[in-house]
Amino acid sequence: MLALALLCAVFAGTVQAQSADDDLRARLNALASGGFDETQRQIDAIAATGDPRAAPALEALSEGDLYFRQSDSAVFIVRTEGSGYALQDPLTLEGVGTAGRREVKKIRVNNRLRRVIRTALGTLTLRAPDPAARIEAADAIFKAQDVDSIEPLDAALAAETDTDVARHMREARAAAVLASGRPTQDKLEAIATIAARGDRDARSLLTGISNGPDTALHDAANAAIAKVERVQGLWDTARNIWFGLSLGSVLLLAAIGLAITFGVMGVINMAHGEMVMLGAYTTFVVQSLFRTAAPEYFDYSLIVALPAAFLVAGLVGIAIERGIIRFLHDRPLETLLATWGVSLILQQSVRTIFGPTNQEVGNPSFMSGAFEIGQLTITYNRLWIVVFALVVFTVLLVAMKATRFGLYVRAVTQNRRMSASMGIRTPLVDALTFGLGSGIAGIAGVALSQIDNVSPNLGQSYIIDSFMVVVFGGVGNLWGTLLGAFTLGIANKFLEPFAGAVLAKILVLVFIILFIQKRPRGLFALKGRAVDA
Amino acid sequence: MTFRFLSGGLTGGRIVMLALLVAAAILVPVLNLALPESHPLHVPTYAVTLMGKYLTYALLALALDLVWGYCGILSLGHAAFFALGGYAMGMYLMRQIGTRGVYGDPVLPDFMVFLNWQELPWYWYGFDVFPFAMLIALAAPGLLAFVFGWFAFRSRVTGVYLSIITQAMTYALLLAFFRNDMGFGGNNGLTDFKDILGFDIQSDATRAGLFAASALALAGGLVIAVAITASKLGKVLIAVRDAESRTRFLGYRVEHYKLFVWTVSAMMAGLAGALYVPQVGIINPGEFAPANSIEAVIWVAVGGRGTLVGPIIGAVLVNFAKSWFTAALPEFWLFALGGLFVFVTLFLPTGIVGLAKSAAQRLRRLREPQTPGRETKTPSEMAAARPSEQAAE
Amino acid sequence: MAKAENLLYLDGVSVSFDGFKALNNLSFLVGRNEMRAIIGPNGAGKTTMMDVITGKTRPDEGTLRFDGRIDLTAHDEAEIAGFGIGRKFQKPTVFENQSVRDNLKLALKAPRGPFATLFHRDDEAQRTRIDELLATIRLRDRETDLAGDLSHGQKQWLEIGMLLAQDPELLLIDEPAAGMTDAETAATADLLREIARTHSVVVVEHDMTFVRALGVKVTVLHEGSVLAEGSLDHVSSDQKVIDVYLGR
Amino acid sequence: MTVKHTKSLSGLALAAMLASTAFTGVQAQEETIKVGILHSLSGTMAISETTLKDAMLMLIEEQNKKGGLLGKKLEAVVVDPASDWPLFAEKARELIEVNGVSAVFGCWTSVSRKSVLPVFEELNSLLFYPVQYEGEESQRNVFYTGAAPNQQAIPAVDYLMNEEGVERWVLAGTDYVYPRTTNKILEAYLKSKGVADEDIMINYTPFGHSDWQTIVSDIKTFGSAGKKTAVVSTINGDANVPFYKELGNAGIKAEDIPVVAFSVGEEELAGLDTGPLVGHLAAWNYFQSIDTEVNAEFIDAWHAYIGDDTRVTNDPMEAHFIGFNMWVKAVEKAGTTDPDAVIDSIIGVTVPNLTGGYSAMMPNHHITKPVLIGEIQDDGQFETVWETSGLVVGDAWSDYLEGSKDLIADWRAPLSCGNFNTATGKCGGSGS
């Protein structure tokens, strides 16, 4: 009897579950019809069920992976497979066969729908097992200021054990409260909670109510805004420094190869930018190979591209040195003309081979996205580029100061004849030095491909800046190049907020011109009698 | 007086070049205007304008040769002076449009109406007067050069440092002129000119006249350059080029000499720019591009640095090659041009004129009875080759 | 104005390059119409001393006076040359792409401004003076040749000729005999003695035969300061000098 | 003078000869109609313009397969103006005077068009200009087949306002005339819709700007004022890649701050990983993703011609497609390639566009087009999220600019004027 009752209960439960299941499926299938407005109503309805099983389907919809079958309007989550799609049941997530390209059709979404989905998912995933998902859910509600989410949030907060998640939820709740019709006292508390956040989003919310009719709220919001802004002033400075460092490291990367070919060897290497470009195109080629041969290892493509770019640019550099520059040792200014010619040829070669359009170079996952330190958003690609620039600099410095090769290079550039008579093979050293400088430019190209266009014009956009950095820092001094790059980068970024990007750049150029008057041989000039030699 | 001046410097090649230019100034317009189009000697207007453009480039190259060839100042910013001269002329031409602009505003150029400017900025005043505009076409580059040179030469910025800051100068101007707020038409620059001194800028006669003016300006520039380089000042300049500090120890204020020739050269470049603009019909910030300055240096190198005639030949030849290649080999002309630069640097270090000179010398030597080698290396010369503890420069 | 007895006066002059003291509290006098020879091992500061006098290098401290009244530290090379200090470099430095005559013409005492040179016309007196100089330096038959085509010794002579053309009060001459044959060396010594009758001359030289041939007071420099002073015989018997220089 | 001079003259003749023989070997046997292609194949603009040259060559080849025009074969004359504006004028003159082309298809930047305008006027030839531009121009010899601001910018802003509820606007552009003018028009338009001054931020950057950190961060700040914010981008070609990369990495999602661009098409996106950019918008008159028969044919033909299935098509290519077909039709109608006859006959000519409708040449030398708003997808294509119900007529003169609101253009007789002032009733702008 009891057993029977139990069985009944279980059965009833199943039936109930079954009907809920059917209901949800029907609602999901309903997504397939209608325009954006209709779709939005369906999403709201799905969200209203509060059924977390709908979450994967909604996520897929937002990502553009939710399709419906033309024949019966059944909805599936799809994955591209071969020339067709692999279908997945939207609720059970089980594979349910495949479909051809023409058999299924994507359910269209736009930004508005994505926002709606995000909010809906927020409510649905507040109780998700993964704390990160819960934080994401809370943040979505925070952004949407979704009044309906206050109760689910309260419930979730009661059960929440993770303090970090709880904080996000309280903030989300506060944001929702501010948008709701709750009493002033509640809202004042909410303002305090949000002010504690102290970031831009907080300011955004507070600004929204600072013009409201309620003077108590109004004053509280304004006080909170003032506080937030004070904190932000400091963060702005930090931000400018970081941007400056980041720009400086880009300049350093672009210039450091030139610090060798121009700074150490005295070759006015106008083809330097094209070496950077070759490095970027090498990255493109390597990534293409990875995409076709081993897409799962795509993240390692840059690691392969680095030595490849070094070799490609380095070998081209050696070829240029052997073929042209070695005949011009006593005519340094004329290297400018020859290398200018070389740069034209290289640009056009790349244009002929790869076409004139931009090539796509992807960010590996470890270089995508950003993280925050306080209110400073630091993007991973910029961070890696700063680190990378410093590593390249250090390695080069060690190579030039502490190795036998570096000794030879310095010996040959200071006194060719003497070095030759001491048994140093000067032609070899020349070729290798130029190759080294070019190779370094090549690996700079790998890094720059992560933030800039990969086009035949890539090199042209860096060549002038590179020369400025090397000359500003002092020709022949690696430390000067380092300091020059960062000084110019930071100066530029502090000028930019109030002068604008164009004027900032002009001012930096004027600054360089004036600085050279003061120190005609750059930041780190050699002193003594040898200078004039 | 002038003739006495020139007496030392007017060598055969230069006389020929002057004669060529004066003859071209007369003949080309005649052949263009007086002969019917069917006549085999008729020069089409297209060619007249093209050659007029080459001649203004040649004047720029000549100006550059004066500082680079004779004073060792490698300017990577001469296009800035050229462009400033061009803008002065462009502003005059702009004011001449009057009510014929698309908006028909009697005073404001179209681009100002377009951006809702209410009145003419002060620095546009006076440009409706031709002599004033011409004065500025010379004075603006001259003044910029004077101020820039005053600081740079006094601070003894030399060699590649100087080259790079001249590049910084033209690059800064490029960015500045790109700004629409500057009031020079931004990226679009100044265009849609109607007439110059009352003559329709598109008529064949005006074009022929501009060609003649360019040829005569170039001839005049050549005379001035010859006069300067043949004087004692010219010898001091060469001394500065070859051994700057030695010249200083002789008591010459090197910076004054550099400043003089630098300013003269900038004004010459400005004049070239002023003649260039009405012939091509547009001036825009692209003219400030550092690449343009580098190209001008290449013209000088191709023709032969420090020869005055060489840069003229170089500018005409390289630009002619460019015109030709861009039509004949539109996809591959950069290979040809790039290859040309490499070739000239490697195999013609003294340029075309240098090649011609040494060929002429060889010919003469073949004709004359072989004189026994005057010089063999003496021990003291060997000693000179030793690396010295101190070098004077 | 009363002429100072000492034409050149250096007191406590120090120069350092990145910590290396090239001149260390150097004090030194040259009288009017005096010829002085300076010797010293490599790195003793001879050339730096000349650089300091001619304005090429600024001293970190010390007094430099010319003709008793002019503070040389306040002027640049061109001005100092204008006061009447001429210099011949260790490595002969002539204008190689110009003719021998033009080299002298450039050096010849005349207004030095750009406009003065632009409108300059050769006059008879100058032409005669250049001819005289050409005779003195024995380059008469090569006057139209490029200076770069001269032999090393001839360049040395040309440079001395340029120095004379400037007509300075004080001549600073760095290793005039380097790379010359014995006969040329002897002739150079004669010429210098001749010059010294009407000019003050400071000669830096390694060649002891040459210094002996000059027969003048010798100053020995070591590590940027004066080690000994006196006749060549006197200083060459000085134990300190033998230790640092001659004894090597 | 003779030696050097005759040399250069004969050289010129040689150049002309080479130019005209370079692209056809059969020229000697039969008379052809020459078509000039004036697109930069080197320099900074090659990145965008080279594709258009190829598209034109393809269109001409196809027309020849169909039997040419007026019984003659078409012959393309390609020159490279090398992204050098004065060179554009020189090459245009060369095409018309030396090569004797019947029409020229070319230019991309406004400045290159401005540079060649006097040449076309003087030599009375035809230019078909295929790129969206700032308007404020109508010239007798030029046909504008790209979008005018009212065919692109204003509908896009309307969309954002109505569909996304945007209240705060960042107008970010490269500092040149197209963004300046477009932003001026938009500013006036937004204000007419009641947007307050402090809710509009205008920002200009130099050409090829590559360091977008500060500006992206400023946009973020501007967007945090409690109102829905959008960015209207008139950033020029090259600078877009680093801009979008920075945007993607800084985590600015289209749901939060959408960016609508007028200069970013399929070709620009080809250099980008569009994953992080999904949902950002562009306004054009054509997208490759448009699902019509004629478009599918065009894309197939393009892939076959270029020999690469991954090459994309874009809006300016469609503009050339329309412009070329209009010219062909007008020439057939007039029975001659004579410019004056074609100028008269082309007005009113209607040809199919690639979006499934028809475009007509209007008396102001602009054409009718549909306006499409598309969202970037992760495959580098756009998906149309909104389109105008009918065709929009290109406006030569903006109604939102002080100097031009009274101007109209009509090249039909008797008006025959590009800047007729309806207030004063005179041709020739607003002045006396």
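Start by selecting B:A58, B:L59, B:A61, B:L62, B:I165 and B:L218: of the 448 residues in the largest nonpolar core, these touch the most other members. Helix α3 of chain B, residues 45–71, supplies the largest share of this core, 19 residues. A nonpolar core here is a set of buried Ala, Val, Leu, Ile, Met, Phe, Trp, Tyr and Cys residues joined through C-beta atoms within 7 Å. Buried means that 20 or more other C-beta atoms lie within 10 Å of the residue's own, with C-beta atoms placed from the backbone; 12 or fewer is exposed, and in between is partly exposed. Helices (H or I, at least four residues) and strands (E, at least two) are DSSP runs, numbered from the N terminus.

A word on what you have loaded: this is a predicted model, where local features need pLDDT of at least 70 and side-chain atom pairs count only at pLDDT 80 or more, while totals for chains, interfaces and linings use all residues. Residues are numbered from 1 along each chain as its sequence is written, and chains are lettered from A and ligands numbered from 1 in the order in which they are written.

Now zoom in on B:L59. Leaving out residues up to four places away in sequence, B:L59 touches B:A217, B:L218, B:G221, B:M268, B:L271 and B:A272; contact means C-beta atoms, placed from the backbone, within 7 Å. For a second, separate core of 59 residues, pick members including A:L61, A:V78, A:L206 and A:I209.

Next, show chains B and C together. Their contact takes 33 residues from chain B and 34 residues from chain C. On the chain C side, α2 (77–83), α3 (100–107), α4 (114–118) and α6 (152–166) each give two or more residues, and α2(C) gives the most, with 4 residues.

Move on to chain D and select strand β18, residues 417–421, where 5 of 5 residues are buried. Strand β17 (residues 407–410) pairs with β18(D) in the antiparallel sense over 3 bridges; strands pair if DSSP finds at least two bridges between them. Look for D:L407 opposite D:N421. In the turn of this hairpin, D:S416 has a positive phi of about 40 degrees. On to β19(D), where D:K426 is the bridge partner of D:N421.

Last stop: the open, mixed sheet of 7 strands in chain D, ordered β7-β6-β8-β9-β10-β14-β15. β7 (200–205) and β15 (382–387) stand at the edges with a single partner strand each, so one side of each has no neighbour in the sheet. Finish at D:G173, which stands opposite D:Y204 in β7(D).

Notes. Two residues are in contact if their C-beta atoms, placed from the backbone, lie within 7 Å.
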